[in-house]
Amino acid sequence: MFSVPLGDDARLEPLEVWQAREFADHLDRAREHVRPWVGPAFIADAAATLKRYAERQAADGARLFGIRHRGTLVGGVMFTDFSAAAGSCEIGCWLEPAGEGRGFVTRASAILLDWAFTTRGLHRAEWHCRADNDRSSAVAKRLGMTLEGVRREAWPFEGVRYDKQIWAILAPEWAARDR
Ligand SMILES: CC(C)(COP(=O)(O)OP(=O)(O)OC[C@H]1O[C@@H](n2cnc3c(N)ncnc32)[C@H](O)[C@@H]1OP(=O)(O)O)[C@@H](O)C(=O)NCCC(=O)NCCS
């Protein structure tokens with residue numbers, strides 16, 4: 001119902017429990033593409049994922065938003081973690097292949113960061129990704145985040161343990177960035 005323009009005929013909007021059928025169809029298009037790079041629970045069961053996010057949002061925690069391109073759900077961004085008390089959050093993202101290469105996730109993540117820092121007064125936003133996820137770390141870099149460290153072999157996937165990067169940006173850095 002409410003949505004924010006992302007440019008190029010794309011919009012960012014809430015992704016809610018009633019949209020489970022559409023989210024499941026989208027995940028069927030996205031699953032193999034995102035599987036190595038996201039937590040297994042996110043793609044396992046579309047309805048359960050939407051319900052989990054709705055419950056956490058009701059407690060002012062995690063939140064999920066869809067990215068629509070010309071009406072079709074092509075991906076999204078989320079607060080995988082959000083704590084007003086701690087003043088910090090973590091942002092995550094995904095796209096099906098048709099949504100890549102257009103800047104949607106960078107622009108959508110910037111909207112989440114603006115809301116977290118400006119509207120909610122948070123101080124710190126993190127971005128976690130597998131160290132070999134070049135497209136994801138490129139988004140963190142484009143958002144002006146700093147690579148703070150690497151958790152060694154912290155990301156198990158199909159019998160291999162991968163390094164995990166922690167990127168972050170602070171509220172004053174976000175306010176001072178070149179727009
Ligand atoms: C990570 C992921 C979301 C990044 O997608 P992406 O399309 O590279 O990121 P964006 O939507 O920000 O788009 C950036 C791309 O669009 C291009 N672009 C076009 N217009 C742009 C604009 N106005 N602003 C920014 N970038 C723009 C950029 O040049 C870049 O393309 P390039 O990498 O070929 O140079 C995607 O690869 C994905 O879903 N991967 C699998 C799941 C995953 O890894 N999730 C993250 C877990 S940590």
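Analyst: The shell around the ligand is made up of eleven nonpolar, seven polar and three charged residues, where Ala, Val, Leu, Ile, Met, Phe, Trp, Tyr, Cys and Pro count as nonpolar, Asp, Glu, Lys and Arg as charged, and the others, Gly among them, as polar. The model is predicted, so local features are given only where pLDDT is at least 70 and side-chain atom pairs only at pLDDT 80 or more, while totals for chains, interfaces and linings use all residues. Residues are numbered from 1 along each chain as its sequence is written.

In total 21 residues surround the ligand, and the closest are Trp 37, Gly 103, Val 105, Thr 106 and Arg 135; a residue is counted here if its C-beta atom, placed from the backbone, lies within 6 Å of the molecule. Two or more residues of the shell come from each of helix 1 (20-34), strand 5 (88-95), helix 4 (104-119) and helix 5 (134-142). These elements are DSSP runs numbered from the N terminus, with helices being H or I over at least four residues and strands being E over at least two.

The buried residues of helix 4 include Phe 104, Val 105, Arg 107, Ala 108 and Leu 113, and a residue is called buried if 20 or more other C-beta atoms, placed from the backbone, lie within 10 Å of its own, exposed if 12 or fewer, and partly exposed in between. Just after helix 4, Gly 121 takes a positive phi of about 70°.

In soluble globular proteins, nonpolar side chains tend to be buried together. Leaving aside neighbours within four places in sequence, Ile 91 is in contact with Val 77, Phe 79, Ser 109, Leu 112, Ala 125 and Trp 127, contact being C-beta atoms, placed from the backbone, within 7 Å.

From strand 5 the account passes to its neighbours. Strand 4 (residues 72-83) and strand 5 run antiparallel and are joined by eight bridges, and two strands are said to pair if DSSP finds at least two bridges between them. At one of these positions Ser 83 stands opposite Ser 88 in strand 5, and the two strands form a hairpin with four residues between them, where Gly 87 in the turn has a positive phi of about 70°. Nine of the twelve residues of strand 4 are buried, so strand 4 is largely enclosed by the rest of the structure.

Strand 4 also pairs in the antiparallel sense with strand 3 (residues 63-69), over seven bridges. Here Gly 66 has Gly 76 of strand 4 as its bridge partner, and Ile 67 has Gly 75. Strand 3 and strand 4 form a hairpin too, with two residues between them, and Arg 70 in this turn has a positive phi of about 50°. Strand 3 is itself mostly covered, with five of its seven residues buried, and it pairs with strand 2 (residues 10-14) in the antiparallel sense over five bridges, where Glu 13 stands opposite Gly 66.

Gly 144 and Arg 177 are 33 residues apart in sequence, yet 7.4 Å apart in space from C-alpha to C-alpha. Not counting residues up to four places away in sequence, Gly 144 touches Ile 169, Glu 173 and Arg 177.

Key:
Two residues are in contact if their C-beta atoms, placed from the backbone, lie within 7 Å.
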